[in-house]
Amino acid sequence: MPTVKKCAEATINRPAGDIWARIGNFTDISWIPGSEEARATMDGDLRTVRRDAWDKIGFSLTQRLTHHDDALYTYSYALPAPVNFEKIVGRDLTAHAIDGTLRVTPLNETSSHVTWELETEDFLIDGAFKEYQKALDTVKAQ
């Protein structure tokens, strides 16, 4: 299945270092809306995300941290292996990519531009993009 790319973005009136302090830890997903019921754990460079509802159906999502640079305010991740979403979407659909790059770019001392690039299969792109954009909008509003 071919993949699709989208990019969530927001300009935030905060210094890049302040924003990165909130969103730059790959394991910390507390800044993402809906993560109240989710938890992430790290094992080496692998982050596994679980949600209470997913636990009931035997589903979790594992992503590999492929790049992390606190000085440049960026990290990237990719799927280490394909993930079947049949338990979530009810159809036998497999994602071969849920790859992303989160980046904070300073515009000046008090303002920054945040982008969250996503590449995944067509059946996931719209829902994932909405989640990513909502997360950045929430950081902006805080």
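# A salt-bridge network and an open sheet

Arg39 and Asp55 form a salt bridge, with their closest N and O atoms 2.1 Å apart. The two residues come from separate elements: Arg39 lies in strand S2 and Asp55 in helix H2, so the pair ties together parts that are 16 residues apart in sequence. The model is predicted. In total, eight salt bridges are counted.

## Salt bridges

Why can such pairs form? Side chains of opposite charge can pair when their charged atoms come close.

Another bridge joins Asp45 and Arg64, whose closest N and O atoms are 3.0 Å apart. This pair also links distant parts of the chain. Asp45 sits in the loop between S2 and S3, while Arg64 is in strand S4, 19 residues apart.

Which residues are joined into one network? Salt bridges that share partners connect Arg39, Asp52 and Asp55.

The table gives the exposure of the residues in these bridges.

| Residue | Relative accessible area | Class |
|---|---|---|
| Arg39 | 34% | partly exposed |
| Asp52 | 41% | partly exposed |
| Asp55 | 36% | partly exposed |
| Asp45 | 31% | partly exposed |
| Arg64 | 32% | partly exposed |

Partly exposed covers the range between buried, under 20%, and exposed, over 50%, so the 41% of Asp52 falls in that class.

## Around Asp45

Leaving out residues up to four places away in sequence, Asp45 touches Gln63, Arg64 and Leu65. How far apart are Asp45 and Leu65 in sequence and in space? They are 20 residues apart in sequence, yet 5.3 Å apart in space, C-alpha to C-alpha.

## The sheet

The strands named above belong to a sheet. An open sheet of seven strands runs in the order S1-S9-S8-S5-S4-S3-S2, with antiparallel pairing. Which strands lie at the edges? Strand S1 (3-12) and strand S2 (38-43) do, and each pairs on one side only. From one strand to the next, the twist averages 25°.

What holds paired strands together? Strands of a sheet pair through backbone hydrogen bonds, either parallel or antiparallel.

Strands S8 and S9 pair in the antiparallel sense over ten bridges. A hairpin of two residues joins S8 to S9. Asn108 has Ser111, in S9, as its bridge partner.

S8 also pairs with S5. Strand S5 (residues 74-78) and strand S8 (residues 98-108) run antiparallel, over four bridges. Which residue of S8 is the bridge partner of Thr74? Arg103 is the partner of Thr74. Ser76 has Thr101 of S8 as its bridge partner.

## Helices on the sheet

Two helices that pack on the sheet are described next. Helix H1 (residues 16-23) packs on the sheet and touches S1, strand S4 (61-69), S5, S8 and strand S9 (111-121). The direction of H1 makes about 155° with that of S8.

Helix H4 (residues 122-141) packs on the sheet too. H4 touches S1, strand S3 (46-51), S5, S8 and S9. What angle does the direction of H4 make with that of S1? The angle is about 10°.

## A nonpolar patch

Ile57, Ile88 and Val89 make a nonpolar surface patch of about 210 Å². Where is Ile88 placed? Ile88 belongs to helix H3 (residues 86-89). Ile88 is partly exposed, with a relative accessible area of 36%. Patch residues need over 30% relative accessible area, so Ile88 passes that cut-off.

Key: Residues numbered from 1 in each chain as written. Predicted model: local features only at pLDDT ≥ 70, side-chain atom pairs only at ≥ 80, totals over all residues. Heavy atoms only, no water. Pairing = 2+ DSSP bridges. Axes fitted to C-alpha atoms, helices over the stretch in contact; angles between N-to-C directions. Contact = heavy atoms within 4.5 Å. Patch = residues over 30% accessible without salt bridge, like charges linked within 9 Å, V, L, I, M, F, W, Y side chains within 5 Å. Areas by Shrake-Rupley, 256 points an atom, 1.4 Å probe, with all protein chains shown as cover. Salt bridge = Lys/Arg side-chain N within 4 Å of Asp/Glu carboxyl O. Buried < 20%, exposed > 50% of the residue type's maximum accessible area, 1.4 Å probe, protein only.
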